[in-house]
Amino acid sequence: MGPQQSHVDVAKAVHCSISVVKYWLNRWTQSKDLTDSTRSGRSRATTEKQDQRITSLAKEQPFVTAQDITNQLERRGVVVSARTVCRRLNEAGARYSWPMSKSLLTEHHRQNRLRWTQHHKATDWNQMIFSDETAVRLNSVKGLVWNFPGNEKVVRTVKHPIKVNVWGCFSSKGFGRIICFPQNLDAKFMCSIYKYGLLPIAKKQFGNDLRSWKLQEDNDLKHKSKLATHWREEKRIEKIDWPSMSPDIAPIENVWQLLKMKLRKKSFTNYQSLVSAIKHEWKALPLELALNLVHGMENRVLEVVESHGDFILH
């Protein structure tokens, strides 16, 4: 922008009014200072120290409400409203939402998880196929919504919604086949999934040498059944050990979470439409996601050690 441009030209270039252009040019001419001046208005209701105290109280007490914090501050001679407390917590990045639910780990579980990390510190996760099963329910309601007085959102539900059982797998080379089925998974059908779901993708991604990859799956009874165990042994499929109560370590849990989040934004009329959507979303999962999850396994192992065997957040 050249020095010969008029106020009109400048206003058009920066998308503002001519009066605004004149104001800032006069400011620059008079003071050579374009920083914001002190504005009038009500002063902040809390000090920086009080803001820190509000945040600390929320972090220290798991089920504290804004009104609880207001009452505690008042007993210390600090008078603020619950609305102000909410604003300060929002400014600190906090959101009032459901807590994360995790199963209680016993000392035995934590020690087993720590022993497992010692055993797998040098594991090459690039040669691993991660697999798991989950269930997706037709038009299930999960997640919070914004409701307004007189305009509450209503989602219709049924007592026993249609359910799609899903098995899937992936490795550092990408996502494999996904299998959807209506019946409950038993050991016999698990072997069928191994045959038509696992082995074809293993051969496609790692070739015919079964020693070039290993299988990861949890300790579900179907996986540990005599029938499934015999089938894997017969096909010489090596399966790594997995600590009990450890879905947080399995990266495929992140995939299920992402898949369900995408499906939650859509509605379905029947079983087949849900199955089609599941397959569509699975097929759209990028290779980069698989790579990031596999490469993140080393960090997951280290975080279990740092948490002394307790749950990690992923």
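This short talk walks through a few local features of the predicted model shown above. Residues are numbered from 1 along each chain as its sequence is written, and the side-chain values use heavy atoms, with hydrogens and water left out. Because the model is predicted, local features need pLDDT of at least 70 and side-chain atom pairs count only at pLDDT 80 or more, whereas totals for chains, interfaces and linings use all residues.

Let me begin with histidine 109, which sits in helix H6, residues 107-119, where helices are DSSP runs of H or I with at least four residues, numbered from the N terminus. Histidine 109 has a relative accessible area of 17% and is therefore buried, the classes being buried under 20%, exposed over 50% and partly exposed in between, with a 1.4 Å probe and protein chains only. If we set aside neighbours within four places in sequence, histidine 109 is in contact with Leu104, Ser244 and Met245, contact meaning heavy atoms within 4.5 Å.

Arginine 236, with phi near 60°, is placed in the loop between helix H9 (226-234) and helix H10 (252-264), and its relative accessibility of 69% makes it exposed. Histidine 308, whose phi is about 60°, lies in the segment after helix H13 (297-306) and is likewise exposed, at 59%.

Finally, the cysteines: cysteine 86 is partly exposed at 35% relative accessible area, while cysteine 191 is buried at 8%. The disulfide count comes to zero, taking a disulfide as a pair of cysteine sulfur atoms within 2.5 Å.

Key
Helices (H or I, at least four residues) and strands (E, at least two) are DSSP runs, numbered from the N terminus.
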